[in-house]
Amino acid sequence: MPPTGPRIVKPTPSALARAGALIRASRLVAFPTETVYGLGADATSAAAVAAVYAAKARARSNPLIVHVPGASAARRLVAFDARARALARTFWPGPLTLVLKRRPDAPIPDLVSAGLDTLAVRVPDHPVALALLRRAGRPLAAPSANRSGHVSPTTAAHVARSLGRRVALILDGGPCRIGVESSVVDLCGPQAALLRPGGIPREAIEAVIGRLSRPRSKAHRPRSPGQRPSHYAPRLELRLATRRPRAGEAYLAFGKVPAGARPRAMLNLSPAGDLAEAAANLFAMLRDLDHPRFTAIAVAPIPAHGLGLAINDRLERAAAPRRR
Ligand code: TXA
Ligand code: MG
């Protein structure tokens, strides 16, 4: 490791103690979750939270998720209702983020929620994330540990490449199990809304609290400012729902590869056609194929159910027109 690079460390007890101390000193620590790596900061420190926005070059209008070690810690920050209780009981710890009204006594600076009167909270299902939360003794504001607009990191090396020395320490928990970010559910109104499809399939959430609306109206957009069209973007252009890659293109396949497809390079999200496996491979494979020797990345059609909803959402944003 070059001496100027960020420190990637195994999550030994002494590394976790050091990480906890860094968080309490308002420094930034990247850590693994079951979804993607997070860029963690003390959610009660405005200075630490400001450093997160700076490290990511993230718009301050895009609020952060507050990570807590359990539902009782969440209930000290936001007002739970029956739907929140049912979802927390069913899916926490796990890849579900709940947007709820913040409690007036929540010790969380406005910057975390970009001035909204709501907070997004989640309990991550990863032993290293939970150990860090306990060691730090603070809720952690943690966006995905990548520069804003780029592909989310699913390994410690991805974090190091994206953020470099902007992060004090990277806890290495190996590759993330789920590979796409948490599902974000807004429970502030009478109608629950899926702000971002993610690691818990929409069908599973609806089985607990009934129908979710998918916000499309402009009126809803400011509620989830992170959901801009271009996001999760590699450098190369993406061509979606493609069965026949063109000469010069790299191919991101799913399931059986069409006979006669002769891409310059190919990776398969899941040869068996398994959506969970595909989600776990998505971001790392997009990074691997993002090389200037290809003209574009052609991507196979992905079914739109289960985790396929989150995969297609990320692919559509990665393919969206952008300003570079
Ligand atoms: O799986 C995940 O959720 C990962 C890991 C690290 O936990 N985190 C993550 O954070 O994906 P980030 O910052 O990349 O995405 C947070 C999303 C954004 O779309 C943001 O707009 C939305 O959550 N969000 C956060 N607070 C919100 C709020 N108060 N109201 C509405 N949306 C909110
Ligand atoms: Mg992100």
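Visitor: Which residues does L171 touch, not counting residues up to four places away in sequence?
Guide: This is a predicted model in which local features need pLDDT of at least 70, side-chain atom pairs count only at pLDDT 80 or more, and totals for chains, interfaces and linings use all residues; side-chain values use heavy atoms, leaving out hydrogens and water. Residues are numbered from 1 along each chain as its sequence is written, while chains are lettered from A and ligands numbered from 1 in the order in which they are written. With contact meaning heavy atoms within 4.5 Å, L171 touches V9, P11, A15, L16, A19, V29, A30, F31, P32, Y37, V128 and L132.

Visitor: In β6, what is the bridge partner of L98?
Guide: Helices (H or I, at least four residues) and strands (E, at least two) are DSSP runs numbered from the N terminus, and two strands pair if DSSP finds at least two bridges between them. Strand β6 (residues 118–122) has 5 of its 5 residues buried, so the rest of the structure largely encloses it. It runs parallel to β4 (residues 65–67), joined by 3 bridges, and antiparallel to β5 (residues 96–101), joined by 4. In β6, L98 has as its bridge partner V121.

Visitor: Within what arc do the buried residues of α2 fall?
Guide: The buried residues of α2 (residues 46–56) are A48, V49, V52, Y53, A55 and K56, and what covers them includes β3 (38–42), β7 (140–141) and α6 (156–163). The face turned away from that buried side carries exposed A47 and A54. Taking directions from the helix axis to the C-beta atoms, the buried residues line one face of α2, because they fall within an arc of 165°.

Visitor: What angle does the direction of α8 make with that of β12?
Guide: In the order β11-β14-β12-β13, 4 strands form an open sheet with parallel pairing. β11 and β13 (265–268) stand at the edges with a single partner strand each, so one side of each is left without a neighbour in the sheet. α8 packs on this sheet, touching β11, β12, β13 and β14 (297–299). Axes are lines fitted to C-alpha atoms, for helices over the stretch in contact, and angles run from 0 to 180 degrees between N-to-C directions; for α8 and β12 the angle is about 170°.

Visitor: How far apart in sequence are the parts tied together by the Y232 and F283 pair?
Guide: Rings of Phe, Tyr and Trp (its six-membered ring) pair if their centres lie within 6.5 Å, with planes under 30 degrees apart counted as stacked, over 60 as edge-to-face and the rest as tilted; the count comes to 2 aromatic pairs. The ring centres of Y232 and F283 are 5.8 Å apart and their planes at 10°, so this pair is stacked. Both residues are buried. Y232 lies in the loop between α7 (202–209) and β11 (238–239) and F283 in helix α8 (residues 275–289), so the parts tied together are apart in sequence by 51 residues.

Conventions. Buried means under 20% relative accessible area, exposed over 50%, partly exposed in between (1.4 Å probe, protein chains only).
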